[in-house]
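Have a go at each task before reading its solution.

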Amino acid sequence: MAETTVRLPEARYEFGGDEFVFVELDREMSLQANFKAMAITGALRDRELEGVVDICPSNASYLVRLDPGKLHPTELVEELRRLEHSAGELDGTRVVSTRVVDVPVLFDDPWTRETLLRFRDNHQDPNVTDLEYAARINGFSAVEELIEAIGSAPFIVTMLGFVPGLPFCYQMVPRERQIEVPKYVRPRTDTPERAFGYGGAFAVVYPVRGAGGYQLFGIAPAPVFDGTQSLPDFHDRIAFPRPSDILRYRPIDRAEYDHVRSEVEAGTFRYRIREVEFSPTAFLEDPDSVNRDLLEELYR
């Protein structure tokens, strides 16, 4: 079923004490639900309402923190309901100012392979690698076909979370073409920094070394988190990804991986970025055409 046929229910509003309002737009993830969350939270941010402390968009929901001494929670909900039926209604005139970014990834690398082999007892199929398992359950005849599918269409950053700077990314293809994999049966106690993982229908790049349960497919040579803010792309913030960013995970070889790592270590690496105006409605109507235009703009 194409994304254009998705019909969202009325949003569900809940209070978290006096300081939080949680809004669920849909119980399941869809690009349309995420586009709506982005549109509403963007419009709320533009309103600059006194009393709104923080706005956190998620995959198919969002959370708003407020100062109840300056803004009553019920007044905020009234405003959010208005935005649900104004800013949240997608039409052909609505566009999102965002970035399309090239993110190189070395698939089947030695570091994540060594890690996943140490944790085979935690996995659904201890006899194969994560890439082999994912290729099989998604109907690909070879790992190379899976990698090609991942690189063939960009992903949109639907939210940041788990640890600072980790981008949850949903591939911008119709549902019948979504790649989906379960998380490990039991989480790993170790995951390399910058590991490229996949869980459910979401791709991630782990910002730092630590625990994790997503299937390990590869590793990115460039960071998504820089606590020292020494790289040019991190001068304004310690986390590079932003909600609504459009990332193309581009498969690379070991030579390019080593080259990018040398640039990172020298402090000269820059992501390839293009500022774009993205139309959710145009995308929902013809995703392949919009994706093609986005990638042409990125690599022009």
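## Salt bridges in a helix

Keep in mind that the model is predicted.

**Exercise 1.** Find the salt-bridge partner of Glu114 and describe how the two residues are placed.

*Solution.* 
- Step 1: Start from the idea. Side chains of opposite charge can pair when their charged atoms come close.
- Step 2: Apply the cut-off, which asks for a side-chain nitrogen of Lys or Arg within 4 Å of a carboxyl oxygen of Asp or Glu. Arg118 and Glu114 pass, with their closest N and O atoms 2.7 Å apart.
- Step 3: Check the surroundings of the partner. Arg118 is partly exposed as well, at 43% relative accessibility.

**Exercise 2.** Look for a salt bridge between Asp108 and Arg113, and say how accessible each residue is.

*Solution.* 
- Step 1: The closest N and O atoms of Asp108 and Arg113 are 3.0 Å apart, and the two form a salt bridge.
- Step 2: Asp108 has a relative accessible area of 40%, so this residue is partly exposed.
- Step 3: Arg113 is also partly exposed, at 32%.

**Exercise 3.** Count the salt bridges in the whole structure, then trace the network that contains Arg12.

*Solution.* 
- Step 1: The search over the whole structure gives 21 salt bridges.
- Step 2: One of them joins the side chains of Arg12 and Glu14, at 2.0 Å from N to O.
- Step 3: Salt bridges link Arg12, Glu14, Glu24 and Arg27 in a network.
- Step 4: For accessibility, Arg12 is partly exposed at 30%, and Glu14 is partly exposed at 37%.

**Exercise 4.** How many cavities of 30 Å³ or more does the structure hold, and which residues line the largest cavity?

*Solution.* 
- Step 1: Recall the method. Rolling a probe the size of a water molecule over the atoms shows where empty space is left.
- Step 2: List its lining: Asp108, Asp109, Thr112, Arg113, Leu116, Thr129, Leu131, Leu216, Phe217 and Gly218.
- Step 3: Sort the lining residues by class, which gives 4 nonpolar, 3 polar and 3 charged.
- Step 4: Helix H3 (110–118) and strand E10 (215–219) each contribute at least two residues to this lining.

**Exercise 5.** Describe the second largest cavity by its space, its lining and the classes of its residues.

*Solution.* 
- Step 1: The second largest cavity holds about 40 Å³ of space.
- Step 2: Around this cavity you will find Phe35, Met38, Val96, Ile156, Ser244, Phe278 and Pro280.
- Step 3: By class, the lining has 6 nonpolar residues, 1 polar residue and no charged ones.

Conventions
Residues are numbered from 1 along each chain as its sequence is written. This is a predicted model: local features need pLDDT of at least 70, side-chain atom pairs count only at pLDDT 80 or more; totals for chains, interfaces and linings use all residues. Side-chain values use heavy atoms; hydrogens and water are left out. On a 1 Å grid over the protein atoms alone, a cavity is a set of points where a 1.4 Å probe fits but cannot get out, and a pocket is an open set with protein on both sides within 12 Å along at least five of seven lines; lining residues have an atom within 4 Å of a point. Helices (H or I, at least four residues) and strands (E, at least two) are DSSP runs, numbered from the N terminus. Ala, Val, Leu, Ile, Met, Phe, Trp, Tyr, Cys and Pro count as nonpolar, Asp, Glu, Lys and Arg as charged, and the others, Gly among them, as polar. Grid points are joined across faces, edges and corners, and a volume is the space filled by probe spheres set on the points. Buried means under 20% relative accessible area, exposed over 50%, partly exposed in between (1.4 Å probe, protein chains only).
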